[in-house]
Amino acid sequence: MSIVPQETVEVIAQSIGINNLSPDAALALAPDVEYRMREIMQEAIKCMHHSKRITLTTDDVDSALSMRNVEPIYGFTSGDPLRFKRALGHKDLFYIDDKDVDFKDVIEAPLPKAPLDTSIFCHWLAIEGVQPAIPENAPVEVITSLPDIKKPEQKIDELPVDIRLPVKHVLSRELQLYFNKITELAVNTPDTDLFKEALMSLATDSGLHPLVPYFTCFIEDEVARGLNNFHLLFALMRLVWSLLQNPHIHIEPYLHQLMPPVVTCIVARRLGNRIADNHWELRDFSANLVATICKRFGHSYGDLQTRLTRTLHKSFSDRKQTLTQHYGAIQGLTALGPHVVRRYILPDLESYLGFLEEMILENKQKEITRHEAWRVYGALLRASGRSVYNLLKLFPVLPSQHANNVLRSKFRVIGTSETHKGKGNEEEMEEKEKGGSPMVVTEDVEGEIEGESPRVKGERRKGKGKGKGLRRTPAYLNQVWKDDLNSGKLVVSLFELFGEGIMSFIPSPEMSLFL
């Protein structure tokens, strides 16, 4: 027996205009209607599974009708729930209340409002720990009253909603007193011995890691507010130094909060409000801080030193900024290493020294500006000297050689003991033992060696033709000689810019060679 009753078939027949359908025909059509319905629903369920869904939709039914080459159901979908009405005279028969719509009424009806475009916008979940009262956020009353109300049972058709309460960071009473005492000393009495002992405690004691986010927020806020208080700024930088020295503190997650105040103490326009404030020392100390941070955490943050170098170089290249800012940028680049100096400072050194000279000449009556200019000049001299000293120390210390042992060629300066290892060299040594005059050989553009004996020259040409002449120099040795030659040119150029002041940075053995 079919689950589709005979009456249903008769009602459907009457709805399409067939009023004289016999009961036997309706009874015979009912099983076939059931079979077709089952077939369509099975295809619709397959479409639902292939779409990775668990809810059957009208689109699945349309897809099933299309797969069976059945004319689809025309119309439009609606988000409103379907409204069924009971058929008159039938207890278990329902139909959808689908009203007939007149086209004239549809045309004359006013146009609806255009739907809003899909867009994404941001809103604050919390500002400094306080949730703003905006429609996008849940009301505070709802969040606070959640623990007192039991969760209602979730219905099957409703999606579960999980509202998590904010987590409180609980500090012990001892840690709170410790934090308050440290911050009070930093703000009120940064020059006392008690504050120095507090810094030592902060750099060595264990169990202080829960206070790190509070110290970073305190340092960031106080630097932003206290740029006119030199003693406070210096005390805050010493706090940063102590935090970095403590081996029991994992400070790496808080570097994004510590770097801005430290960089501010390097390149800020003005630090302190008195002439007697030694802001130069504060800039030097902060530069060493950023160098320490880059050295320790550069492997974890690959772009840390790159971004810092870009910021400092931008401050150094901007001629509109003050000389104090230029000084801080130079000290920061110098602290990052000699290779940074050679790449970012030395290429612009000559033009910047010309700019300094103009500043000094234009401000002869302004003693403060002239003092700042000489400070910047000293920073440039120190940066250039350390850079060239580091470059010269890369090469081995060579003993001083006599003039007769030096071969001056077009590309390099080498000892004669490194060339002519064959027969020609032995004959030269014999001539030298007999008291011959010392030979200083130079190679011209065409490869001829002036002052060379005819026999040695012939052997060299003969060996060159057979491929057995002078030995080819290894590539790494050529590179070493090239770097050595570049270092010599660098010393000469720095001597032309700074004069004898650069000589104090050149080691004694290299000094004898270049002189």
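Which residues does Gln325 touch, not counting residues up to four places away in sequence?

Tutor: A word first on what you are looking at. This is a predicted model. Gln325 touches Val267, Ala268, Arg269 and Ser315, leaving aside residues up to four places away in sequence. Gln325 itself sits in helix H13. Its relative accessible area is 8%. Buried means under 20%, so Gln325 counts as buried.

Helix H13 covers residues 323-335. Helix H13 packs with helix H11, which covers residues 279-297. Two numbers describe such a pair: the angle between the axes and the distance between the axes. For H11 and H13, the angle is about 35°. Their axes are 8 Å apart. The crossing of H11 past H13 is right-handed.

Next, the residues that meet. H11 brings His279, Trp280, Arg283, Asp284, Ala287, Asn288 and Ala291. On the H13 side they meet Thr324, Tyr327, Gly328, Gln331, Gly332 and Ala335. Sorted by class, this contact of H11 with H13 has five nonpolar, six polar and two charged residues.

Helix H7 covers residues 193-204, and helix H9 covers residues 230-245. They pack at about 30°, with axes 7 Å apart. Angles under 35 degrees count as roughly parallel, so H7 is roughly parallel to H9. In this contact, H7 supplies Phe195, Lys196, Leu199, Leu202 and Ala203. H9 supplies Ala235, Arg238, Leu239, Ser242, Leu243 and Gln245. By class, the H7 contact with H9 has seven nonpolar, two polar and two charged residues.

Stay with one residue of that contact. Ala203 lies in helix H7. With a relative accessible area of 14%, Ala203 is buried. Leaving aside residues up to four places away in sequence, Ala203 touches Ser242, Gln245, Asn246 and Pro247. Take Ser242 from that list. Ala203 and Ser242 are 39 residues apart along the chain. Yet their C-alpha atoms are separated by 4.4 Å.

Now turn to two exposed residues in loops. Lys52 is in the loop between helix H2 (23-50) and helix H3 (58-67). Its relative accessibility is 76%, so Lys52 counts as exposed. Lys52 is not a glycine, although its phi is positive, about 60°. Asn69 is in the loop between H3 and strand S1 (84-86). Its relative accessible area is 73%, so Asn69 is exposed. The phi of Asn69 is also positive, near 55°, and Asn69 is a residue other than glycine.

Finally, step back to the whole chain. The protein chain has 20 helices and six strands. Gln325 and Ala203 are buried. Of the 515 residues in the protein chain, 32% are buried. The accessible surface of the protein chain is about 36,300 Å². Carbon and sulfur atoms hold 56% of that surface. For contacts in the protein chain with a separation of 6 or more, 62% join residues 24 or more positions apart. Ala203 and Ser242 show such a pairing in the model, as they touch and are 39 residues apart along the chain.

Key
Residues are numbered from 1 along each chain as its sequence is written. This is a predicted model: local features need pLDDT of at least 70, side-chain atom pairs count only at pLDDT 80 or more; totals for chains, interfaces and linings use all residues. Side-chain values use heavy atoms; hydrogens and water are left out. Axes are lines fitted to C-alpha atoms, for helices over the stretch in contact, and angles run from 0 to 180 degrees between N-to-C directions. Helices (H or I, at least four residues) and strands (E, at least two) are DSSP runs, numbered from the N terminus. Angles under 35 degrees count as roughly parallel, over 145 as roughly antiparallel, 65 to 115 as roughly perpendicular and the rest as oblique. Contact means heavy atoms within 4.5 Å. Ala, Val, Leu, Ile, Met, Phe, Trp, Tyr, Cys and Pro count as nonpolar, Asp, Glu, Lys and Arg as charged, and the others, Gly among them, as polar. A crossing is left-handed if the near helix is turned anticlockwise from the far one by less than a right angle, and right-handed if clockwise. Buried means under 20% relative accessible area, exposed over 50%, partly exposed in between (1.4 Å probe, protein chains only). Accessible areas come from the Shrake-Rupley method with a 1.4 Å probe; for residues, only the protein chains shown count as cover.
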